[in-house]
Amino acid sequence: MFSGNVSVYGQLTKSSGGFKIDHPLDPENKYLLHSFVESPDMLNIYAGSVETGENCEAVAVLPEYFEALNQDFNYHLTVVGQFAQAIVSEEVHQNQFTVKTDKPHVKVSWQVTGIRRDPHATRNRIAPEEEKPEGEKGTYLHPEAYDQPHSRHLHYEREKAHDEPLEAIKKQVAAILATSERES
């Protein structure tokens with residue numbers, strides 16, 4: 001359990017993840033939980049909306065670091081409020097791209113994704129699949145998800161080694177308490 005900021009220098013792996021916040025509509029009684037967006041790529045997602053002018057074009061402006069950080073762009077456009085067609089007429093250049101519609105004054109919601117290309121990401125790509133090391137084969141991170149007993153958990157032996165002394169201490173404490181109660 002952490003409270004406050006946590007920094008990890010290196011790779012962090014997890015089985016699942018998300019955020020948990022006080023529910024904005026009932027913060028005293030509920031939580032809101034969302035899952036992280038995950039991908040085998042080091043994917044960044046940017047979104048916004050523009051409205052085309054009389055010339056049927058609009059420029060979507062991205063952060064000034066966009067091209068330095070990303071490569072392999074994918075574009076997603078959705079016309080809002082009316083039937084119209086929209087295209088990316090000019091791809092990302094100088095951290096912006098141009099949207100063109102077949103009518104003027106069309107609101108277009110956009111999303112652009114890019115794969116990180118910064119030096120750290122380039123040197124530390126995540127392999128989406130890997131063989132388990134010999135000592136971990138036959139075990140599971142979440143055996144219950146595969147209807148397997150907890151004894152098949154990757155850390156079962158370590159947990160058992162930790163729990164056995166703990167159980168012995170609990171028994172000793174119970175015996176001491178029982179003796180002191182009898183003596184009172």
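Analyst: Here is a walk through the sheets, then the loop, then the rings.

Two housekeeping points before the details: this is a predicted model, where local features need pLDDT of at least 70, side-chain atom pairs count only at pLDDT 80 or more, and totals for chains, interfaces and linings use all residues. Residues are numbered from 1 along each chain as its sequence is written, and side-chain values use heavy atoms, with hydrogens and water left out.

Let's start with the sheet that has the order β3-β8-β5: it is open, has 3 strands and pairs antiparallel. Strands here are DSSP runs of E with at least two residues, helices are runs of H or I with at least four, and both are numbered from the N terminus. Two strands pair if DSSP finds at least two bridges between them. In general, strands of a sheet pair through backbone hydrogen bonds, either parallel or antiparallel. β3 and β5 (70-80) are at the edges with a single partner strand each, so one side of each has no neighbour in the sheet. From one strand to the next, the twist averages 20°; axes are lines fitted to C-alpha atoms, for helices over the stretch in contact, and angles run from 0 to 180 degrees between N-to-C directions. The antiparallel strands β3 and β8 are joined by 9 bridges, and V50 is found opposite V108 in β8.

The other open sheet also has 3 strands, in the order β4-β7-β6, with antiparallel pairing. Its edge strands, β4 (57-61) and β6, each pair on one side only. Its neighbouring strands are turned by 20° against each other on average, direction ignored. Between β6 and β7 there are 5 bridges, in the antiparallel sense, and E90 has T98 in β7 as its bridge partner.

Now for the loop between β6 (86-93) and β7 (96-101), which is where N95 lies. N95 has 15% relative accessibility, so it counts as buried (under 20% relative accessible area; exposed is over 50%, partly exposed in between, with a 1.4 Å probe and protein chains only). A polar atom of the N95 side chain lies 2.9 Å from the backbone oxygen of E64. Leaving aside neighbours within four places in sequence, N95 is in contact (heavy atoms within 4.5 Å) with A60, V61, L62, P63, E64, Y65, F66 and E67.

F66 brings us to the rings. Rings of Phe, Tyr and Trp (its six-membered ring) pair if their centres lie within 6.5 Å; planes under 30 degrees apart count as stacked, over 60 as edge-to-face and the rest as tilted. That rule gives 5 aromatic pairs. One of them is Y46 with F66, edge-to-face at 4.9 Å centre to centre, with 80° between the planes. This pair links distant parts of the chain, 20 residues apart: Y46 is in strand β3 (residues 43-51) and F66 in helix α1 (residues 66-69). Y46 and F66 are both buried. F97 and W110 have ring centres 5.4 Å apart and planes at 90°, so they too form an edge-to-face pair. F97 is in strand β7 and W110 in strand β8 (residues 107-116), so this pair ties together parts 13 residues apart in sequence. Both F97 and W110 are buried. Ring pairs also link Y46, F66 and F73 into a cluster.

Methods. Polar contact = N/O pair within 3.5 Å; in protein donor to acceptor, adjacent residues only side chain to side chain.
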